[in-house]
Amino acid sequence: PSLHFLFLAQVCVVHDSNIIMALNINEQARKEANLRLLQRTMDPSISNIQCSATHVVLYEFRQDLQSWEKSDVEGSMFLAVRSSGYLLVILNRNARDNYPMVLTPNFQLQHSDPYLIFRQQQNNETIIRGIWFPNPTERIAMNEKLQEALEELKHPKPAISVDVPTQAAPVAVATAPTAAS
């Protein structure tokens with residue numbers, strides 16, 4: 001009987017690894033589908049999705065009232081890499097228009113559970129927004145990736161220059177006189 005139990009345990013482990021492999025394949029397929037969607041609807045130069053969250057809600061801070069107001073923007077959020085930098089996108093479930101935010105070096109980010117709060121200059125005005133994440137794991141992962149992207153924007157890596165050898169001009173070589181000359 002104990003041998004039979006061990007065999008069942010091994011089958012369960014194999015079954016679990018197949019599920020994990022299937023989940024990884026499904027996750028990759030989902031990421032590729034989301035990338036194509038962002039390229040089609042937001043910017044064809046998007047080359048990668050650094051991080052995503054399945055559901056977020058955008059809040060705006062009303063400075064005149066000193067209070068937060070829920071916006072009409074909620075849905076999946078993506079940190080996308082594009083040829084000109086980073087784009088944070090919320091695919092809005094409540095309206096046809098999605099919500100893009102271009103990351104710039106002056107983008108200020110603060111992690112305040114369960115929100116990511118950011119401040120950005122827009123039309124000579126300071127805008128403060130908060131993004132609510134129901135999933136803390138996604139919020140923490142997004143915060144880490146955003147911090148990395150902002151660090152890269154603030155301190156860009158120098159471009160690598162490659163020295164290409166140029167063809168040297170021909171050099172006249174003097175020959176030594178011979179005994180016959």
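Reader: What share of the residues in the chain is buried?

Author: Buried means under 20% relative accessible area, exposed means over 50%, and partly exposed lies in between (1.4 Å probe, protein chains only). Here, buried residues make up 29% of the 181 in the chain. This is a predicted model: local features need pLDDT of at least 70, side-chain atom pairs count only at pLDDT 80 or more, and totals for chains, interfaces and linings use all residues. Residues are numbered from 1 along each chain as its sequence is written, and side-chain values use heavy atoms, with hydrogens and water left out.

Reader: Which elements does the chain have, and in what order do they run?

Author: Helices (H or I, at least four residues) and strands (E, at least two) are DSSP runs, numbered from the N terminus. This chain has 2 helices and 7 strands, and from the N terminus on they run α-β-β-β-β-β-β-β-α.

Reader: How are the strands arranged in the sheet?

Author: Two strands pair if DSSP finds at least two bridges between them. In this model, 7 strands form an open sheet with antiparallel pairing, in the order 4-3-2-1-7-6-5. Strand 4 (99-102) and strand 5 (108-112) are at the edges and have a single partner strand each, so one side of each lacks a neighbour in the sheet. From one strand to the next, the twist averages 30°. For angles, axes are lines fitted to C-alpha atoms, for helices over the stretch in contact, and the values run from 0 to 180 degrees between N-to-C directions.

Reader: How many bridges join strand 1 and strand 2?

Author: Strand 1 (residues 46-62) pairs with strand 2 (residues 67-82) over 12 bridges, in the antiparallel sense. As an example to find on screen, Val 56 has Gly 75 in strand 2 as its bridge partner.

Reader: Where does helix 2 lie?

Author: Contact means heavy atoms within 4.5 Å. Helix 2 (residues 136-154) lies across strand 1, strand 2, strand 3 (85-92), strand 5 and strand 6 (115-122), and runs at about 105° to strand 1.

Reader: Glu 138 is in helix 2. Which side chain of opposite charge is nearest to Glu 138?

Author: Lys and Arg count as positive and Asp and Glu as negative, while His and the chain ends are not counted. A salt bridge is a side-chain nitrogen of Lys or Arg within 4 Å of a carboxyl oxygen of Asp or Glu. Glu 138 is buried but has no salt bridge, and the nearest side chain of opposite charge, Arg 30, is 6.5 Å away. The side chain of Glu 138 does reach the backbone nitrogen of Thr 54, at 3.1 Å.

Reader: Is Gln 120 buried or exposed?

Author: Gln 120, found in strand 6, counts as buried because its relative accessibility is 11%. A polar atom of its side chain lies 2.9 Å from the backbone oxygen of Val 102. Leaving aside neighbours within four places in sequence, Gln 120 has contacts including Thr 104, Phe 107 and Ile 127.

Definitions and conventions
A polar contact is a pair of N or O atoms within 3.5 Å; within protein, one must be able to donate a hydrogen and the other to accept it, and residues adjacent in sequence count only if both atoms are side-chain atoms.
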